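Visitor: Could you walk me through this one? I'm new to it, so please take it slowly.

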Amino acid sequence: MNNLIEWDGDFLQRRKYALFLTNYLENKNTSEVININGPWGSGKTFFLQKWFDDIKETHPAVYFNAWQNDYSNEPLISLISCLISHLISLDDNIKHKQASKNFLKKSGDIIRKLSPTIVKGILKKYIGENGLSELSKIGEETEDTLTDLSSELTEALIKSHEQTTAVIEDFKKSISSLLDELTKSKNLKKPLFIFIDELDRCRPIFAIDLLEKIKHIFDIDNVIFVIATDTTQLSHSVKAIYGHEFNGEIYLRRFFDQIYTLPKPDSVSFITMLFSDYKQIANYFQYRVNASGGSHHHGKNTKTLVCLQNTNSEKILIFSLFSNSFGLDLRTCKQCFERFKAIESSFLDKTVDVHFDFLIFLIMLDAKYPSHFEKFFSDRNNQDILNEIGSAKYNIRVYTNYYTAAELINIYIQNLFISHEEVRNYLNSLDYDSNEFKINLISSLITNFKSILQYQNIVKMANALE
């Protein structure tokens, strides 16, 4: 694995964690189940897919999307099918080797043996097709009859358990043999990495059944399971089965040898990722946001947001400024971004300049405080709204000055809800040298006044997007 090359599109800079974990896990000679834990938006799927792409160059590796297989009632069948397709395809010659043939046979054996219908089959064999209904009528039978029936059933279940244990052991040996063969015939080395993604999106029964099977059946030397989940969310799934008083997090730790929590991404990195594939389709007023922040000696008790200079850096920093000021979580940021993209298609008139910061402010205001959104256009004071976003300790550099979210929006409030004559009088009173940005912004407000007033209705239409 080349340590110097970053992953393409790795805006959250996750590759260093994959390198660290690879070095740690390569030195394990036993089995290991490691949980990659992270909340929604922390980039778990990207992380797992890129790590899988890296690791398969040096190790046998399998990628299993649990959510895509959740339609099945048999997670073991889905997982083994994935193992077969990945491992057998690693080498064209391996499919003709005895280790491969034995793995296929033992896979079939364990699937048949661990079918949930096995107990039903035993009952049917020993007490008949209608055995369960007959048991309900057996109250009048003698104690000896009941004892004989119970003895036969117990004996059958013990025999089945012994057979199942043997089948599991044979299956484990077949994987070990196949792994030996693969590392001989290909330029690969142990251990085998099995990546499982999106387990927390699955039905609770499916997720727990899969974890049970992994822990008890795949306890095999040199087999590493890497399971990505929002572990808090998965613990809620456990509670859905066992009850709200049940401690789902402690229960899950039975299945994981280690839990590695990905750091929550900072807002700028996450929003940079959102804008990575964004292509502008409307005209926008240029705020001239300085991506590097310039000199930080600006006398404000705030932190200046910065990012790498690119075609979307102005939008990234404005979006980040307001998301921080509103205290939005990552999921709500994503929802607001999707609403913005939907709204942008309404601004195809190239003679109109869209005011991105005001539009994003309204989108986020509606997402976080819907009652304030309605009030914003009826109450000319709006001081309570400015107070909501005024306490945040962030700013961006615009022209040569630094603005918080509240300071930017206050310019709109002061000039949108008064007459044009009052706006022009105020504009004429400003000194150009010290107020270049404010003069350009207010001049654009006058030019695009009608369009800007339509933002209210457009944002309301978009708020149905989740």
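Guide: Let us begin with Gln13, which is exposed, with a relative accessible area of 52% (exposed means over 50%, buried under 20% and partly exposed in between, with a 1.4 Å probe and protein chains only). This is a predicted model, in which local features need pLDDT of at least 70 and side-chain atom pairs count only at pLDDT 80 or more, while totals for chains, interfaces and linings use all residues. Residues are numbered from 1 along each chain as its sequence is written, and side-chain values use heavy atoms, with hydrogens and water left out.

Visitor: Where does Gln13 lie, and what is its phi?

Guide: Gln13 lies in the segment before helix H1 (15-26), and its phi is positive, about 55°, although Gln13 is not a glycine. Helices (H or I, at least four residues) and strands (E, at least two) are DSSP runs, numbered from the N terminus.

Visitor: Okay, and Glu198, is that one buried or exposed?

Guide: Glu198 is buried, with a relative accessible area of 17%. Glu198 also has a positive phi, near 60°, and is found in the loop between E3 and helix H8 (204-217). Most residues other than glycine have a negative phi, and most peptide bonds are trans.

Visitor: Which peptide bond is cis, then?

Guide: The bond from Lys190 to Pro191 is cis, with omega near 5°, and Pro191 sits in the loop between helix H7 (143-185) and strand E3 (192-197).

Visitor: Switching to strands: how many residues of E2 are buried?

Guide: Five of the five residues of strand E2 (residues 61-65) are buried, so E2 is largely enclosed by the rest of the structure. Ala61, Tyr63 and Asn65 point one way from E2, while Val62 and Phe64 point the other way.

Visitor: How many bridges join E2 to E3?

Guide: Five bridges join these two strands, which run parallel (two strands pair if DSSP finds at least two bridges between them). In E3, Ile196 is the bridge partner of Phe64.

Visitor: Last topic: what does H18 meet in H19?

Guide: His420, Val423, Arg424, Tyr426 and Leu427 in H18 meet Lys438, Ile439, Ile442, Ser443 and Ile446 in H19, where contact means heavy atoms within 4.5 Å. The residues of this contact divide into six nonpolar, two polar and two charged (Ala, Val, Leu, Ile, Met, Phe, Trp, Tyr, Cys and Pro count as nonpolar, Asp, Glu, Lys and Arg as charged, and the others, Gly among them, as polar).
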